[in-house]
Amino acid sequence: MKCELFDSGKFFVGVNYWASNAGIDMWTQWDENVIIRDLDLLVEANVKVVRMFPLWSEFQPIKNQFAGNHSKRDISIDDMPKAHTPEADAGINPLMVERLTRFLDLCLERDIQVMIGLMTGWMSGKLYVPRALEHSNLYTDPTALKWQMKYVKYMVGRFKDHEAVVAWDIGNECNCMDYTEDPDCAYTWSALITNAIRAEDKIHPVISGMHGLNPNAAWRPQDQGEITDVLCTHPYPAFTEHCETDEVNRMKSANHAVAESLYYRGLGGKPCFAEEINTLGPMFANQDLIAANADMALFGLWAHDCNGFMWWCACNQSALNNIPYDWCALERELALIYADGTHIKALDSMTDFSKFIERFGRPLPRRKADAICILVRNQDSWGVAYGTFLLAKQAGIELEFAFHDQEIPEAEAYFLPSLSLYGEPTKHLQNELLRRVREKGATLYISMDGGMMSEFPEVTGFQLVSRSVATEEKRATFEGENLVLSPKYEMKLKALTAEVLATAHDGNPVFGVNKTGKGKVYFCNAPIEYTAVTTPSFIDGANHQAYYKLYKAMGIGKAKIAKKQSPYIGLTEHIEDDKAVALVINYLPKTVTEEITLSGYEAVAVDSVRGDAVMEKTASGFSLTLAPNSGAVIELTKK
């Protein structure tokens, strides 16, 4: 069976599942009637994909057997002689296997596809490790690795042919199961588990299942992309740096899942989807705002070819008193469906969008990207990536991401944003980008956060006069906007071959352009991307600064067929032969009317999730009225 969930242009809506009666204890408190009721409610809501978790400590309940002087003699499930069965050899509890088989059968009867999170040793703030391995390092101890391989190979071999199984997930956030600072340790453990899966099943894709990857840390998107088939994000605002600054129905929050998924996909080189998504319950926002965030995330993920949206989690656990629910209030109220069968408004968002995708009826052509944002070592790569993505989105520039040591795809433009001290581009990368600028007419944008760059005058057209720690904010005016800049370092510059486009109140250059060969290099003397992502309410709130106008002035994306005006509207274009699709998202919590200009195409039809978008043709394109926090699809044809 070929899995098509992660094919480009496809999109699915799903949930993570624990039974409503018992949560994490569903396997020991098995109640088939409850599970049937839960699954039927999900089917009624048009949910087609479920991620579920065979709890490691219950499915492989091995314990140490000791002889005299506390010497370990054996590992077994119980105190009986070991049976000669595949289950006994792998330390597997046959009763749990029977229950998982029944769960998969129930899903198959309802046409629900199942992702199995194999190594579920960490869940909702608690470890679930077999007793025999409780004091082992799960990433390095040979005994722990042996039994993990036995467990994975048995489970995959046993269930790979079940028609409900669509993919294997390494496990639930396995980078939280133990501790390592060594990228080689994280790499080898991930490879060991993935290879154990593939030894038994070469058909179904393997999903990373990790949370919080970082190219400068132990668990890296580059490594996970090399090892596994599919990457995933768990874009919780409170658990992701820089993502809890704004209300959940604002533009910054709406783009968290999209930006992080593109960041992983770019650095990892594999498809990426939002595997766990939630704004984290009623103590973070009310139901209306949570649903608004879901609406925008669904539309945004689809528009950017991030293949799926999976809510955490299906059923409410507020009535449960067992650990970890007793420990952590956050884990009790994250669900879509309550015990009485009612549900939160976000489930309506998911249902409506799932039906909308079915109505659309075809894979969405991949959006046209304009530029590559290149991240470098020793910088806050996620923060810089997120800030750059937001400003680019406001300016109408579509980004993809890459890391400095990768092969950089060809593009119209390249961004080296917020370069920090010791976080500089390699000479090889700098030379290659300059070659593309000079020979191919590309645009290169550079901004500084105290960074270093060799041949700085030749690249930027500016000469550094002096450098010191900044003692005050800088004020500048650009295209009628008063901008407040917050550089970490004050770099006094003298223009040589650069054209100065904006200066600070003290006359020091802030923004300029240097023509070199066939192309241009733009330089910004402040880390505007990092300021944008670290300042609350910056993108569309009380602290808003129109930094995006610096991006817009570079003229990137001039060849696009569709162009917007408002910085609070998202617009992606998807071209296929003589037809195209424009996806438009309103990131504001109010109704807006936006004028879209078209080049060489005309608008022929509009569709939206709830039918509340109104399109009118104009001489230059069309105007579109959108409800708060909503999106629409415009069908286009060549004139």
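Modeller: The axes of helix 10 (residues 287-303) and helix 11 (residues 345-360) come within 8 Å and cross at roughly 25°. Axes are lines fitted to C-alpha atoms, for helices over the stretch in contact, and angles run from 0 to 180 degrees between N-to-C directions. Helices (H or I, at least four residues) and strands (E, at least two) are DSSP runs, numbered from the N terminus. This is a predicted model, in which local features need pLDDT of at least 70, side-chain atom pairs count only at pLDDT 80 or more, and totals for chains, interfaces and linings use all residues. Residues are numbered from 1 along each chain as its sequence is written, and side-chain values use heavy atoms, with hydrogens and water left out.

Biologist: How is helix 10 oriented relative to helix 11?

Modeller: The two axes cross at roughly 25°. Angles under 35 degrees count as roughly parallel, over 145 as roughly antiparallel, 65 to 115 as roughly perpendicular and the rest as oblique. Helix 10 and helix 11 are therefore roughly parallel.

Biologist: What is the orientation of helix 9 to helix 12?

Modeller: The axes of helix 9 (residues 256-268) and helix 12 (residues 381-395) come within 10 Å and cross at roughly 120°. That makes the orientation of helix 9 to helix 12 oblique.

Biologist: Which residue of strand 16 is the bridge partner of A413?

Modeller: Strand 15 (residues 413-420) and strand 16 run parallel and are joined by five bridges; two strands pair if DSSP finds at least two bridges between them. In strand 16, the partner of A413 is T443.
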